[in-house]
Amino acid sequence: MRILIINPNTSTGMWKTIDGTAKRYALPDTEITTVNTADGPEFIANAADIAVQAPKVLHLVKQNLAEFDYFIIACGYDPGLEACRTVTGNVIGIGEAAILTACTVARRFSFLNSTEQSAAMVPDRLRSLGIDASRLASARAVGNSAEIVDKRNEMFEVYVETGQRCIDEDGAGALIFSCAGMSDIKERLEQRLKVPVIAGVISALRIAEQFSGVIDRPAGNKKG
């Protein structure tokens, strides 16, 4: 199975984290290719960034339909997801995948967000997916800027402290990383907090790998 993971920003550091995490968790016969968009912000932080990058994500999917079996959009906001689904059914957004995974492992869950602005967007995202508001324990920012993602290892204790507050004060039974750039600290955080920590990159990958025999390709582009 060949999977193209699209990072809808231009951050090389985030690309490395996404690619490394996916390849670490992928099944032996899964081939992972990870790409960034050609231009745009280094970090998607708001609705304007989503709107600007969504057409670029759609372009990459259309451009690579004949070469890949599945596509994963590696941003918690899932920019361009619904548009991409008009050209192929084999596309997964890590934001949606993480939320639906959380619903299977915990009655209530919290988000660890990179900024207060992104945390404020969580309730609307859940409503758009038809998730009852009672499932959301909280959405807490681990920092005041996107810098917290790049410094996740140096500032790991901030993740621990914020996650513990989600559990103790908000009643979360699982935590969701809002950003794909946090993916590689999943296991460390689980070991410290003793609850499931959900990285959407891994959730989306696992979902795609279940359906290797159901490949949706345009007529004339099917592989043997």
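## A charge over a ring

Arg-188 lies over the face of Phe-156, at 3.8 Å from the ring centre. A second case involves Arg-2, whose charged end sits over the ring of Phe-68, 4.7 Å from its centre. The criterion is NZ of Lys or CZ of Arg within 6 Å of the ring centre and within 35 degrees of the ring normal.

This is a predicted model: local features need pLDDT of at least 70, side-chain atom pairs count only at pLDDT 80 or more, and totals for chains, interfaces and linings use all residues. Residues are numbered from 1 along each chain as its sequence is written, and side-chain values use heavy atoms, with hydrogens and water left out.

## Helix α8

Helix α8 covers residues 156–168. Helices (H or I, at least four residues) and strands (E, at least two) are DSSP runs, numbered from the N terminus. The 13 residues of α8 reach 18 Å from first C-alpha to last, close to the 18 Å expected at 1.5 Å a residue. The expected span is 1.5 Å times one less than the number of residues.

The buried residues of α8 are Phe-156, Tyr-159, Val-160, Thr-162, Gly-163, Cys-166 and Ile-167. Buried means under 20% relative accessible area, exposed over 50%, and partly exposed in between (1.4 Å probe, protein chains only). An α-helix has 3.6 residues a turn, so residues three or four places apart point the same way. The cover over the buried residues of α8 includes β5 (109–113), β6 (136–141), α7 (147–150), β7 (174–177) and α9 (186–193).

## Aromatic pairs

The whole structure holds three aromatic pairs. One of them is Tyr-159 with Phe-177: the ring centres are 6.4 Å apart and the planes stand at 85°, so the pair is edge-to-face. Tyr-159 lies in helix α8 and Phe-177 in strand β7, so the pair ties together parts that are 18 residues apart in sequence. Both residues are buried. Rings of Phe, Tyr and Trp (its six-membered ring) pair if their centres lie within 6.5 Å; planes under 30 degrees apart count as stacked, over 60 as edge-to-face and the rest as tilted.

## The four-stranded sheet

Four strands form an open sheet in the order β6-β5-β7-β8, with parallel pairing. β6 and β8 (197–198) stand at the edges with a single partner strand each, so one side of each has no neighbour in the sheet. Strands pair if DSSP finds at least two bridges between them. Five bridges join β5 to β6, and Ser-110 has Ser-138 in β6 as its bridge partner. Two bridges join β7 to β8, where Leu-175 partners Val-197.

β6 is mostly covered, with five of its six residues buried. Arg-140 is in this strand. Arg-140 is itself buried, at a relative accessible area of 18%. Beyond four places in sequence, Arg-140 touches Phe-111, Leu-112, Asn-113, Thr-162, Arg-165, Cys-166, Glu-169 and Asp-170. Contact means heavy atoms within 4.5 Å.

## The nonpolar core

The largest nonpolar core has 44 residues. Such a core is a set of buried Ala, Val, Leu, Ile, Met, Phe, Trp, Tyr and Cys residues joined through side-chain atoms within 4.5 Å. Ile-3, Ile-5, Leu-112, Tyr-159, Leu-175, Phe-177 and Leu-189 touch the most other members. Leaving aside neighbours within four places in sequence, Leu-112 has contacts that include Arg-140, Tyr-159, Leu-175, Phe-177, Met-182 and Leu-189.

β1 pairs with β2 in the parallel sense over six bridges. Ile-3 has Ile-32 in β2 as its bridge partner.

## Two positive phi values

Most residues other than glycine have a negative phi. Asp-78 has a positive phi of about 55°. Asp-78 is in the loop between β3 (70–73) and α3 (81–84), and is buried at 5% relative accessible area.

Lys-194 also has a positive phi, near 65°. Lys-194 is in the loop between α9 and β8, and counts as exposed at 68% relative accessibility.
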